[in-house]
Amino acid sequence: MSSAISMGDSHSDDHHHLGFIRTYIFSTDHKMIAKQFLVTSLLFLAIGGILAAMIRWQLGFPGQPLPFNLGAILPNTMAPGGIILPEFYNSLVTMHATFMVFFALMPLMAGVFGNLLIPLQIGADDMAFPRLNMLSFWITPVAGAVMLASFFVEGGAAGAGWTSYAPLSASGEWTGVYMGQILWLVSLIILGFSSITGALNYVTTVIAMRAPGMTWFRIPLATWSLFITAWLLLLAIPILTGGLILLLFDQTIGTAFFRPEGSGEPLMWQHIFWFFGHPEVYILILPAMGFVSEVIANRSRKPVFGYHSMVVALVSIAFLGWIVWGHHMFQSGMNPFLGMSFMATTVVIAVPSAIKTFNWIGTLWKGDIHFDTPLLHAVSFVALFVVGGLSGIFLASAPVDIYLHDTYFIVAHLHYVLVGGSLFGIFAGITFWYPKIFGRMMNETLGKIHWTVSFITYNLAFFPMHNLGVQGMMRRIYDPNQYEFLQSLQSTNTFISKSVFVFAGIQIIFAINFLWSMKKGKKSGDNPWDSNGLEWACPSPPPHGNFAEVPIVYRGPYEYSHPDREQDFWPQDEAPVDDLDGPEYTDPNESTESNDE
Amino acid sequence: MSDAGIATIDRTPEPGMGVFNKKLGMWVFLLSEVMFFTSLIGSYIILRYAHPDHFAPPGAILNVNLTAANTFLLICSSVSMVKAFAAIQQGDVKGLQYWLLATIVMGASFVGVQVYEYIELGHEGFLPGLDDYAAHAGGPLYGATFYAMTGFHGAHVSLGVLALIFVYIRALRGEYTVADHEGVEVIGLYWHFVDLVWIILFTIVYLI
Amino acid sequence: MNLSWLMPESVSTFGPALDNLYYVILWITGIVFVVTEVVLVYFMIKYRHKEGRKATYIEGSSKAEWIWTSATAVIVMALAIYSKGIWDTIRHPDMFPENAYELNVTAKQYEWNAAYAGSDGQLGTSDDIVSRNQVHVPVDQPVIVNLQSEDVIHSFFLPQLRVKHDAVPGRVWPIWFEATQTGEFPLACAELCGLGHYRMGGTLIVHSKEDFASWLSEMQIEAEDDE
Amino acid sequence: MFVLGKNEKLISVTLLATLVVVGCGGGDSSDSAGSSSAASEATVMENPVDPSTAGNISGSVAFEGSAPAMDAIDMSGEQVCADKHSTAPMLQTVVVNDNGTLSNVFVYVKEGSAIEGMQFPTPSAALLDQDGCVYTPHVMGVMVDQEITIRNSDGLLHNINASPTEQRGFNTSQPFNMETSQDFGTPEVMVPLRCDVHGWMTAFVGVVNHPYHSVSDGSGGFSLSTLPEGDYVVEAWHEQYGTQAQTVTVTAGGTTDITFTFSADMANAVVPMRTPIDPHDHSLVTDHQ
């Protein structure tokens, strides 16, 4: 069996005579690719953050020139005398979302942790298709370059919002943005290939390359969530690509798929986009849920509460994600009956989400909680995901959505899910697996400072946005003061902006810690967190080929504080003591039951 | 591989779908291809349902006979692909080369005929763009959807042909044996998929 | 700093119902929020690491799972059913009121043009009266607005009437509302429509029935003078 | 739009081309700096016409029939602008002067073998002001590559949306008192300008590759000076009454007088230009079916 043959040896013998290029640049090693993804997507995260800061400047201090004489850097087409122009503001809004969603969060989730964790946690030596894997990384910076380029072309970057609703996005006639919109489309089409090649790898690897004994219900939740996410990527991204291509045709060769003057259908774009867009939302949150489950279980030294229902919840969220897209379009003029069915399916998603939340809390219950940075981030994920989930119920209720749709309530909701949720989940993941990536611990003091300030300023920044929404402030407006009924909100906006600046600034501490610990952090050893997963059974950082010999899995990943043991953890690959004549382990089907009770 | 559960010390991994990785990968990839064509065909259906006036009756503009012949050609190429695979399963390398070549030729000529068809239609003013769309050729949505769908299918066929040529060269070098002919099987899967998509497209674009 | 969770005063017939739904959800989610976060923090403190104490080995409890799964399911489904009633009164085509006054609102970058039937009592004829960025309606009478757009998608947003609906080019979407107070209320565009989006505001002017009639005839006379 | 659509397609599909675009795009985004410097260089080039052998054309635009009444602009939505007008502002589609002449008529040399292929110096920037939510001037002429300084004197949002057919348009905003520089690289009569924020705001720019253009003033008069002697076709353009052309002979040192006459019954003349008043023209599809 090919995968069996390839395990262990094939890499380990050829990796000695790999040159610098093959090792660090065009590497096919999943761990190196993970590192490459980590660095690039953190850079894109920074870019997205800078754009956000500029947006907040305009909202917090409307019509005032940008600080630090940024106006001198920016051309007059963007900010004459440092004062942001409306069309540039639209570009900022669009590109902030685009970079954060497509170039920061997605690669951080799937790119970094998919590559790092999947092979390690299932005991494989590498991905199923290492070269494809390398390709999937190298496409990303290319797409990113195209996206960045669009800032510098005539007419500026795309300004139709990250949702690019046609016909605003279908013809430069309405925005004055021609090339910028085209580059936006081209870039995302290119990026699609990265996601698909990556996802292809993850799915195949998880299905076909699990170590002996790694039955479906012994797979750690991080890998489970990444596996589900990979499926969503595989099936959702092509939908978007299709739509993007049609929109590109409207822009360039003058077709009329979405342009009413050719009796095209603007609403069709919204259907295509959100049919992709809602699974996309779960692509952005599911992996974080996986990381958080791992960290909470490990740091509270307790099995994940209801491992099976956690998996079931993951899967059902992924399924429901395909039939709820209409709730983004309640006010777009859809058939009211359709609206009802979409509302029903949408609220149902609250159920698996609740299951997960309560299970996380249940995991903490009667635990032995160690307050390390990863746990702090993981628990903040839970705390903030609760807010994001609950605010979702307002928007799921179609009548309330009439009022709240396209207001700052939405902005608050999605930032609670994508920053409070995904980003804190990613911080949990990075701080937890950092020692496995670099072989050194991150600095705990810096980590705690970063977490404390981030958590506080984050809430100060985003919680008041709910109130702005309830007061009726629309999203994506350049200057709310144009409306009398919004003028009373200026002080709130200024306060939010200041909090955002601190939140953004404090990330520098994280960057310092990240870089400093790489060289100076204290050596971590193979298993610094006393964890059970296979990833901790190999050296940190793992060598080419990961495992000296293929590990055998005897039990689930969360056997913490087992009553029969001195040690409060029980590695998945530790052979049972009573086992003389070779390891015995149960048949996959039975093992699922045995985990049940 | 189904007996991996039994207690042995041999370190064979957990059974996957019982197929080799490349094949599994191709299956998964084809699933995502299905979604891609779903988005194109879906848009076509929506637009055609919303604006029937844009779409001329079958044969009015599109040359159904020509394309029918072309379709037949593509189906034959699928058959020859099966032949090629069967040949190498018997270890018949010559047969593999022969049938692969046949498949390549038929695939290439399919693309050729499509290009010819495009040129002809272009002369009649049947174009995708709104601004230079000829009045007699139905509405602009007709041309737009037609070129989008058939064009992307054509691109897939062309890529398939290139891949086949690659496989063919390896076959000439005799790199495929009874024991190891994964490449042939994988490209075969892709080729059959492209064929299947065309049958759907031919039906909904030309015949209905 | 305005951190109120209260909806602004509503001046439409279905406003109060919609607000009630909002407050119900606010209460439920509020309670769930407080309880969850309190429990979370309590556990964090109570079960923090102490030397010599070992965590209790608990794999889960199907009983607990059932409780909170079904509880959540019941609550959200109840909310969905509650919402349906209000949704239907606002959007269901059969629930559109009789004897409504009808007008056209056409959005374009970056203004709202409201058209009222002229002396011939017909909409969409040459003698229509048009007001830019001002929508005049009578109080205590249902109004049907036919939303259209000339260029891109805009969104017709009347915060205090709890009205929001997109205006999509190539389509005509009828929506209805009934104002319960005379006065001037803000009108805004809620869908990004280009560089002037933030300024695409207007005013909804609710007249008493008599004032509206007189305003209309006034405009008609003006229109005839221009002929 | 379609013209540039084509070449943009070419550029956009290949990444290579994309990077090229970054290169030159960087230049563009540094605003008018490039074009203005080009203009200043051009000014050192001296006028190829020898004044001794040159003559002039002057004349006026007469108007027959009763002047149509223009609608008043409803500026109630923009108090700032409304306050700037002592009398109710009127649309400027047809402005008939007290002396029965027609103003806002763009008069320019359409053909003339004498100036074929001549290179003329690019004059300094022309001013287009937005004051009281109207464009002043309403009709103006510039030379190819001549800078147009667009000024916002209202302090509230205007956007300037130029929709030419021969070249790429622009759509830039001015949310506060500021100036923006633009120019056109290709001759085109006329380029319509509009403000989407204030539907009534329209202006027309005639772009020609020589200095022989003029706009009839408050007394209907216009003049084209220092033309090389020879025969010319002079055209007069009006946004409502269409165009008229006359053949004029210019003699050395002489001034030829001509008169264009527009009348009220030309009201539905074909105006050679994409209509600017309704930019949201959805009738296209009917042309194509």
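**Exercise 1.** How many residues does helix α3 of chain B have, and how far does the helix reach from its first C-alpha to its last?

*Solution.* Before we start, note that this is a predicted model, where local features need pLDDT of at least 70, side-chain atom pairs count only at pLDDT 80 or more, and totals for chains, interfaces and linings use all residues. Residues are numbered from 1 along each chain as its sequence is written, while chains are lettered from A and ligands numbered from 1 in the order in which they are written.

Step 1: find α3(B) at residues 93-123, which makes 31 residues. (Helices are DSSP runs of H or I with at least four residues, numbered from the N terminus.)

Step 2: its span is 45 Å, close to the 45 Å expected at 1.5 Å a residue. (The expected span is 1.5 Å times one less than the number of residues.)

Step 3: look just past the helix, where G125(B) has a positive phi of about 80°.

**Exercise 2.** Find how α10 and α13 of chain A are arranged.

*Solution.* Step 1: the axes of α10(A) (residues 266-299) and α13(A) (residues 350-364) come within 9 Å and cross at roughly 15°. (Axes are lines fitted to C-alpha atoms, for helices over the stretch in contact, and angles run from 0 to 180 degrees between N-to-C directions.)

Step 2: that angle makes α10(A) roughly parallel to α13(A), a word used for angles under 35 degrees.

Step 3: α10(A) contributes M289(A), V292(A), S293(A), I296(A) and A297(A), and α13(A) contributes K356(A), W360(A), T363(A) and L364(A). (Contact means C-beta atoms, placed from the backbone, within 7 Å.)

Conventions
Helices (H or I, at least four residues) and strands (E, at least two) are DSSP runs, numbered from the N terminus. Angles under 35 degrees count as roughly parallel, over 145 as roughly antiparallel, 65 to 115 as roughly perpendicular and the rest as oblique. Two residues are in contact if their C-beta atoms, placed from the backbone, lie within 7 Å.
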